[in-house]
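Please examine the structure shown below. The paragraphs that follow lead through its charged pairs, its backbone, a helix and a pocket.

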Amino acid sequence: MPEIDIDHLRGWIGRTRDVEDSVTPRLVAEYRATLAPHLAPVAEGEAPLALHWCLAPETPAADALGPDGHAAKGGFLPPVPLPRRMWAGGEVETLAPLRIGDRVVRRETVADVAVKVGRTGTLCFVTVRHDYLTERGPAIRDRQDIVYREASRPGEPAPPPKPAPAEEVPNWSVEANSVLLFRYSAMTFNGHRFHYDHPYATQVEGYPGLVVHGPMQASLLLNLAAARLGRVPARFRYRGVSPMIAGSRFAVAGLCEDGTFRGWTAAGGAVCMEAEAEIQRH
């Protein structure tokens with residue numbers, strides 16, 4: 001494992017940048033075509049929930065990509081010397097809806113860099129905060145937790161999965177096929193090869209198949225939370241539990257009690273992502 005100079009990496013804390021994009025009718029149509037009918041209703045002229053994760057994707061030139069298909073490390077994000085990257089979790093605070101036609105500025109800030117030792121080895125977490133701003137004012141505050149991990153070891157057993165809750169709950173069933181992964185990658189200009197390059201996903205990163213996007217699972221959970229609560233939650237928190245592998249149907253499920261939503265995605269009887277949401281801000 002390469003040595004991690006945490007003091008060097010923490011030198012990226014405080015870096016900021018602004019990027020801009022528009023909520024176009026085409027993007028809204030693509031988003032609905034990809035995730036419908038698993039979307040919460042919104043008012044006329046408003047963008048579907050979680051569309052903000054499709055705005056202003058990073059667009060590095062082809063010769064500026066790393067071996068995993070992401071932008072090479074050491075630009076806006078610190079050059080973490082660990083090869084495997086995943087979207088680990090985060091939090092969304094909704095202040096106002098995005099509307100079709102909005103020009104949106106996303107203000108990004110590297111908030112923290114931390115190294116931990118977990119059950120799968122050394123982990124490096126990079127926390128990035130985003131403010132989505134429209135002409136009407138702030139619309140969404142978003143925290144994204146990115147985790148970098150060591151390379152897989154040949155023959156290394158996967159950690160035991162967390163069993164999905166046994167209770168019967170209303171849920172959505174989604175087919176995690178290659179077309180769904182391709183469409184979401186295209187909308188977000190996500191070049192991470194483990195979403196579409198099967199030999200890379202299995203032979204290089206060590207997964208048993210293509211990996212389903214974390215933000216797509218979070219998008220479905222946010223929409224389920226809004227549908228079950230009857231309104232957009234003020235705060236929505238989510239956490240990846242285990243990678244979801246494409247090739248079968250997965251459940252998006254949740255329960256509501258006293259204005260609070262608790263949800264999860266599950267495939268093959270194992271939890272892949274957990275989430276909670278609440279109507280009131282605290």
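With which residue does Arg-17 form a salt bridge? The partner is Glu-108, and the closest N and O atoms are 2.7 Å apart. A salt bridge here is a side-chain nitrogen of Lys or Arg within 4 Å of a carboxyl oxygen of Asp or Glu. The pair links distant parts of the chain, since Arg-17 belongs to strand β1 (residues 16-22) and Glu-108 to strand β3 (residues 103-118), 91 residues apart. Helices (H or I, at least four residues) and strands (E, at least two) are DSSP runs, numbered from the N terminus. Arg-17 is partly exposed at 27% relative accessibility, whereas Glu-108 is buried at 3%. Buried means under 20% relative accessible area, exposed over 50%, and partly exposed in between, with a 1.4 Å probe and protein chains only.

The model is predicted: local features need pLDDT of at least 70 and side-chain atom pairs count only at pLDDT 80 or more, while totals for chains, interfaces and linings use all residues. Residues are numbered from 1 along each chain as its sequence is written, and side-chain values use heavy atoms, with hydrogens and water left out.

Side chains of opposite charge can pair when their charged atoms come close. In the whole structure, a search finds 21 salt bridges. One of them joins Glu-30 to Arg-26, with the closest N and O atoms 2.9 Å apart. Both residues lie in helix α2 (residues 25-35), four residues apart, about one turn of the helix. Glu-30 is partly exposed, with a relative accessible area of 29%, and Arg-26 is exposed, with 64%.

A further salt bridge brings together the side chains of Arg-249 and Glu-175, at 3.2 Å from N to O. This pair also links distant parts of the chain: Arg-249 is in strand β8 (residues 249-257) and Glu-175 in strand β6 (residues 171-175), 74 residues apart. Arg-249 has a relative accessible area of 46% and is partly exposed; Glu-175, with 30%, is partly exposed. Salt bridges also form a network, whose members are Glu-91, Glu-93, Asp-131, Arg-141, Arg-143, Asp-145, Arg-235, Arg-237, Glu-276 and Glu-278.

The backbone deserves attention next. Most residues other than glycine have a negative phi, and most peptide bonds are trans. Ala-36 and Pro-37, however, are joined by a cis peptide bond, with omega about 10 degrees. Pro-37 lies in the loop between α2 and β2 (84-94). Ala-50 is placed in the loop between α2 and β2, and its phi is positive, near 75 degrees. Ala-50 is buried, at 4% relative accessibility.

Another residue other than glycine with a positive phi is Phe-189, at a value near 50 degrees. Phe-189 is found in the loop between α3 (178-188) and α4 (198-204). Asp-197 also lies in the loop between α3 and α4, and is buried, with a relative accessible area of 18%. A polar atom of the Asp-197 side chain lies 3.1 Å from the backbone nitrogen of Tyr-200.

How many residues does helix α5 have? Helix α5 (residues 214-229) has 16 residues and reaches 22 Å from its first C-alpha to its last, close to the 22 Å expected at 1.5 Å a residue. That expected span is 1.5 Å times one less than the number of residues. The helix is mostly covered, as 14 of its 16 residues are buried. Just after α5, Gly-230 takes a positive phi of about 85 degrees.

The second largest pocket has a volume of about 280 Å³. Of the 18 residues that line this pocket, the closest to its centre are Glu-46, Leu-49, Thr-94, Pro-97 and Val-232. A pocket, on a 1 Å grid over the protein atoms alone, is an open set of points where a 1.4 Å probe fits, with protein on both sides within 12 Å along at least five of seven lines; lining residues have an atom within 4 Å of a point. The lining of the second largest pocket divides into 15 nonpolar residues, two polar and one charged.

Finally, Ile-279 is found in the segment after β10 (270-278) and is buried, with a relative accessible area of 17%. The C-alpha atoms of Ile-279 and Ala-234 are separated by 5.1 Å, although these residues are 45 residues apart along the chain.

Notes. Points joined across faces, edges and corners; volume = space filled by probe spheres on them. Nonpolar A, V, L, I, M, F, W, Y, C, P; charged D, E, K, R; others polar. Polar contact = N/O pair within 3.5 Å; in protein donor to acceptor, adjacent residues only side chain to side chain.
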